[in-house]
Amino acid sequence: YFDRSLSMTYHTQPSVGSLVSGVDQIVDQIQQKKAEILVFGFGNDLDTSWAVGDKLVTDGSTDMGQVIDHILASDNDGIAGSIIITDGQANLGSEISDQNLGISSKIHIIGVGDKTPLVDISIHSIDAPPVIIKGENADIDVTIASHGSINERLNVTIYSENKLVGS
């Protein structure tokens, strides 16, 4: 299972090209041992398009829960184990239990990226007047939600096309 979410591209090391090349090398080594292997990409959805050459890392989110659900559903099909390659930035789907999941096959996790976890931020709400007259000032209240450890001030810039309209 290879994490295809955008957060995989945000780390300083390794590069996306190195990640893709590394996954291909792992797949090749397993296939040389005549072991059956299926490669699944995950992010927004779980898919098998890696095998047909779709090696883009562009999904907007990471749903680790769907990977665990898929492993659970396949556990009685005689699989020897699973390898999950991810940066661990799960931000979609249900919370994964840290208790026994009832999976009998082994799960190996290969963690990639920086040691300091990324912080996910999102706009929680925007309160603005229903009408703003061009050229006049207006108060707009924006609430930003974050997931992760943030111990610094956050600067927000607002652009309209390529023009800075607020900060």
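This is a predicted model: local features need pLDDT of at least 70, side-chain atom pairs count only at pLDDT 80 or more; totals for chains, interfaces and linings use all residues.
The chain runs to 167 residues and is built from two helices and nine strands.

**Fold and surface**

- Going along the sequence, the elements come in the order β-α-β-β-α-β-β-β-β-β-β.
- Take the contacts between residues at least 6 apart in sequence: 66% of them link residues at least 24 apart.
- As for burial, 25% of the residues count as buried.

**The largest pocket**

- This pocket has 23 lining residues, and the ones nearest its centre are Glu-36, Ile-37, Leu-38, Gly-81 and Ser-82.
- Helix H1 (16–32), helix H2 (64–74) and strand S4 (81–86) are the elements that each give two or more residues to the lining.
- By type, the lining splits into 15 nonpolar, six polar and two charged residues.

**The second largest pocket**

- Here 10 residues do the lining, and Ile-140, Ile-158, Val-165, Gly-166 and Ser-167 sit closest to the centre.
- Strand S9 (residues 163–166) gives the most to this lining, with four residues.
- The breakdown for this pocket is seven nonpolar, two polar and one charged.

Technical notes:
Residues are numbered from 1 along each chain as its sequence is written. Side-chain values use heavy atoms; hydrogens and water are left out. Buried means under 20% relative accessible area, exposed over 50%, partly exposed in between (1.4 Å probe, protein chains only). Contact means heavy atoms within 4.5 Å. On a 1 Å grid over the protein atoms alone, a cavity is a set of points where a 1.4 Å probe fits but cannot get out, and a pocket is an open set with protein on both sides within 12 Å along at least five of seven lines; lining residues have an atom within 4 Å of a point. Ala, Val, Leu, Ile, Met, Phe, Trp, Tyr, Cys and Pro count as nonpolar, Asp, Glu, Lys and Arg as charged, and the others, Gly among them, as polar.
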